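The sequence and the structure are shown below.

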Amino acid sequence: MSGSDVIVVGAGSAGCALAERLSRDESCNVTLLEAGPSDQHIFIRMPAGVAKAIGSKRFNWHFETTPQPHMNNRRLGTPRGKTLGGSSAINALIYIRGNAWDYDNWAAMGCPGWGYEDVLPYFRAVEGNQRGADAYHGGDGPLHVSDPESGNPAFEAFIKAGQELGHPLNSDFNGADQTGFGPFQLNISDGRRWSAADAFVHPSRGRANLTVTTGAQVLGLEFDGTRVTGVRIAGAQGVEVLRADHVVLAAGAIGTPQLLMLSGVGPADDLRAHGIDVVADRAGVGQNLHDHLEVKVKFRMTQPLSLWSHAKFPNYLWTGLQYITARKGVGRQQGLEAGAFYSLDPASPACDTQLHFVNALAFDGATADDRGHGFAIDTTQTRPESRGSLRLASADPRQAPLIDPNYLAEAKDREMMREGLKHLRELCAQPSLAPLCGQELRPGPGVTSDAQLDEVVRATADSIYHPVGTARMGRDAEAVVDSDSMAVNGVEGLYVADASVMPQIVSGNTNAPSIMIGSKGADLIHAQIA
């Protein structure tokens with residue numbers, strides 16, 4: 001039996017920020033538990049290793065959805081990081097906060113204190129932006145944010161094509177206005193991935209009151225009545241109970257609701273069906289699951305500007321050697337250096353579409369169509385209306401849960417994806433980008449009608465790996481988490497601060513918002529336990 005004041009479950013984007021911030025109080029003993037291994041690996045360190053990191057069984061839980069009825073009953077991959085840094089250790093490194101409207105909307109949805117003016121100081125405090133500090137950015141925070149460095153003309157052609165189509169140039173998607181085409185800023189520091197573990201955990205490992213343990217999968221929570229008393233873990237010594245006064249779940253939108261339900265906090269009838277004793281009947285646990293879906297256009301490239309030359313055998317050996325020996329070359333890049341935000345629906349209160357320009361047909365070249373020089377552009381609906389759920393498959397914590405995002409259930413989502421493809425084709429026809437466009441591989445030149453485009457969406461759209469919402473915060477009776485304290489309603493001593501608490505997904509990538517939730521959540525939790 002071991003003891004600690006606070007146990008943080010999950011060393012991902014939010015968990016790393018949580019543990020660092022809570023352990024600033026020397027009187028607070030913090031144990032950070034991570035099921036996965038150490039993050040010391042070339043696939044994680046090298047930005048160009050993103051495909052290898054995501055594909056690795058060592059660093060990725062490799063979840064998948066249930067068959068999706070509106071997507072030809074396909075099962076879609078749901079990657080989640082399984083290492084220090086969590087998904088920030090295997091993601092595409094794009095630093096996006098979302099739109100200011102997103103956070104003001106959270107406040108309007110019943111989460112006062114989470115408006116844009118409330119969360120902006122947390123974004124600024126942790127940010128170490130290469131451009132320095134200003135009203136929107138921090139310049140000396142631990143989370144490194146840098147400009148892309150490749151100078152590849154394909155990215156510039158994409159940005160200019162957006163302007164030719166009537167969109168503004170935007171050099172800062174996290175500044176005063178999100179709208180436009182421009183370069184992404186990236187979580188890269190001098191050619192090295194900079195995850196949440198790099199920003200928060202590794203610099204804090206010397207603190208006497210912070211214990212970081214990897215290879216420790218949490219099997220469930222321990223309760224005395226409705227008060228949490230610790231966690232059960234499967235570690236090197238077998239199953240062990242760790243005692244704590246307080247437990248904070250930061251296991252993400254998949255892991256957090258699964259742990260809650262395995263431990264008796266969730267929809268009572270579902271729990272009893274699996275033989276789990278009910279600690280607190282909370283119908284909202286596992287509900288409100290939603291995610292960003294993307295669909296691509298793909299073109300052969302008329303010039304050798306893509307990453308293909310560097311990714312194919314045996315050239316990738318030289319790419320890796322250059323990086324390992326001198327941290328030089330293409331290994332410093334991740335192939336997604338430009339994007340866009342705009343609205344397809346004039347009635348949208350904030351940008352409803354995001355684009356990523358991918359300087360490769362696919363990162364793995366697994367199929368014949370994906371080999372050779374080419375590019376892809378994906379269109380993503382930033383605020384999908386479809387909602388799904390996460391449920392237990394069994395009471396066995398080692399068995400993956402049933403993940404059902406219910407993609408494309410709402411007609412508006414299907415319309416947005418279809419119209420997004422049309423807009424991408426218009427973009428590729430602009431004078432700056434058209435000369436790079438060879439054969440259209442997807443949707444394909446014969447695909448012209450709405451019905452055909454809808455079928456392309458059903459057959460090829462994929463998750464962009466941003467699941468959120470399964471332990472929604474708020475002040476209402478149905479909320480899983482209290483937005484003022486991050487406490488789980490119906491129990492004592494238990495808190496959640498990760499992407500699962502988002503009442504609605506942000507308009508953009510979710511890594512930076514998850515870090516913000518961990519940082520702000522730590523302050524709210526500390527106020528309860530200090």
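## Cysteines

A disulfide is taken here as a pair of cysteine sulfur atoms within 2.5 Å. Under this rule, the count of disulfides in this predicted model is zero. C28, for instance, is in no disulfide: the nearest cysteine sulfur belongs to C16 and is 16 Å away. C28 is also buried, its relative accessible area being 6%.

## Salt bridges

Side chains of opposite charge can pair when their charged atoms come close. The structure contains 26 salt bridges. One of them joins the side chains of R75 and E64, with an N to O distance of 3.9 Å. R75 is located in the loop between strand 3 (63–64) and strand 4 (77–78), and E64 in strand 3, so this pair ties together parts 11 residues apart in sequence. R75 is partly exposed, with a relative accessibility of 49%, and E64 is likewise partly exposed, with a relative accessible area of 43%.

## Contacts of helix 12

A salt bridge with an N to O distance of 2.8 Å links the side chains of R418 and D454. Since R418 belongs to helix 12 (residues 411–428) and D454 to helix 13 (residues 450–460), the pair ties together parts that are 36 residues apart in sequence. Both R418 and D454 are buried.

R425 and E440 also meet through their side chains in a salt bridge, at 2.7 Å from N to O. This pair links distant parts of the chain, with R425 in helix 12 and E440 in strand 23 (residues 437–442), 15 residues apart. R425 is partly exposed at 22% relative accessibility, whereas E440 is buried at 15%.

## Helix 8

Helix 8 spans residues 252–262 and is mostly covered, with 11 of its 11 residues buried. Among these buried residues are G252, I254, P257, Q258 and L262. After helix 8 comes G264, which has a positive phi near 95°.

Notes. Residues are numbered from 1 along each chain as its sequence is written. This is a predicted model: local features need pLDDT of at least 70, side-chain atom pairs count only at pLDDT 80 or more; totals for chains, interfaces and linings use all residues. Side-chain values use heavy atoms; hydrogens and water are left out. Buried means under 20% relative accessible area, exposed over 50%, partly exposed in between (1.4 Å probe, protein chains only). Helices (H or I, at least four residues) and strands (E, at least two) are DSSP runs, numbered from the N terminus. A salt bridge is a side-chain nitrogen of Lys or Arg within 4 Å of a carboxyl oxygen of Asp or Glu.
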